[in-house]
Amino acid sequence: MNIPFLGNWRKKHGLARGVAVFSEGEHDPEAVAGLLSECELLRSQAGREGVELDDSAASLEALDQLLPGWRDDEEALSWLGNDAGLYLGTVIVRTVPGAVWDFWPNGQPVVRLSSGREFDVVASGHAWASSGAPELSQLYAEVSES
């Protein structure tokens, strides 16, 4: 989508970063995990390329192999970056023992490992979507070793 004033705003302010904002209090961890795992745009994009996102480490490797046609579309880039980060977090939470979703005071979702280390998966997803580095599978390997 090409909206001239929006393009000028982005040049001044940068791409919008998506966050999930929750009020303070208790959360249902399963409901939160389900919500954050949707990643509809990423799943759709991957599906068109024949990649099934089954919440496994192998699916992260398959994502790393996709041709990044979205990098020419600033709007898609931001959304895909957000989805890629949330998908990375989903794989970590579902496969790394003790990993859980947590939220910073500003509502930013992060993955907290059993060691207490927090991992900003959304920022990592944006970096992957815009440059391909670091690869999602590489990030997963680093986190799963912690």
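**Loops and a pocket, close up**

Tutor: Happy to! Let's start in the loop between helix H6 (121-131) and helix H7 (136-145), where Pro-134 has its place. In this predicted model, a cis peptide bond joins Ala-133 to Pro-134, with omega at about -5°. That deserves a second glance, because most peptide bonds are trans, and most residues other than glycine have a negative phi.

Two residues stand out on the phi side. Cys-39 is not a glycine, yet its phi is positive, about 45°. You will find Cys-39 in the loop between H2 and helix H3 (40-48), and at 4% relative accessibility this cysteine counts as buried. Asp-55 also has a positive phi, near 65°, without being a glycine. Its loop runs between H3 and helix H4 (57-64). With a relative accessible area of 15%, Asp-55 is buried, because the cut-off is under 20%.

Helix H2 (29-36) and strand E1 (100-103) are the elements that give two or more residues to its lining. That lining comprises 10 residues, and those nearest the centre are Pro-29, Val-32, Val-100, Trp-101 and Asp-102. By type, the lining residues divide into seven nonpolar, one polar and two charged.

To place these parts in the whole, the chain has seven helices and three strands, in the order α-α-α-α-α-β-β-β-α-α along the sequence. Of its 146 residues, 41% are buried.

Definitions and conventions. Residues are numbered from 1 along each chain as its sequence is written. This is a predicted model: local features need pLDDT of at least 70, side-chain atom pairs count only at pLDDT 80 or more; totals for chains, interfaces and linings use all residues. Side-chain values use heavy atoms; hydrogens and water are left out. Helices (H or I, at least four residues) and strands (E, at least two) are DSSP runs, numbered from the N terminus. Buried means under 20% relative accessible area, exposed over 50%, partly exposed in between (1.4 Å probe, protein chains only). On a 1 Å grid over the protein atoms alone, a cavity is a set of points where a 1.4 Å probe fits but cannot get out, and a pocket is an open set with protein on both sides within 12 Å along at least five of seven lines; lining residues have an atom within 4 Å of a point. Ala, Val, Leu, Ile, Met, Phe, Trp, Tyr, Cys and Pro count as nonpolar, Asp, Glu, Lys and Arg as charged, and the others, Gly among them, as polar.
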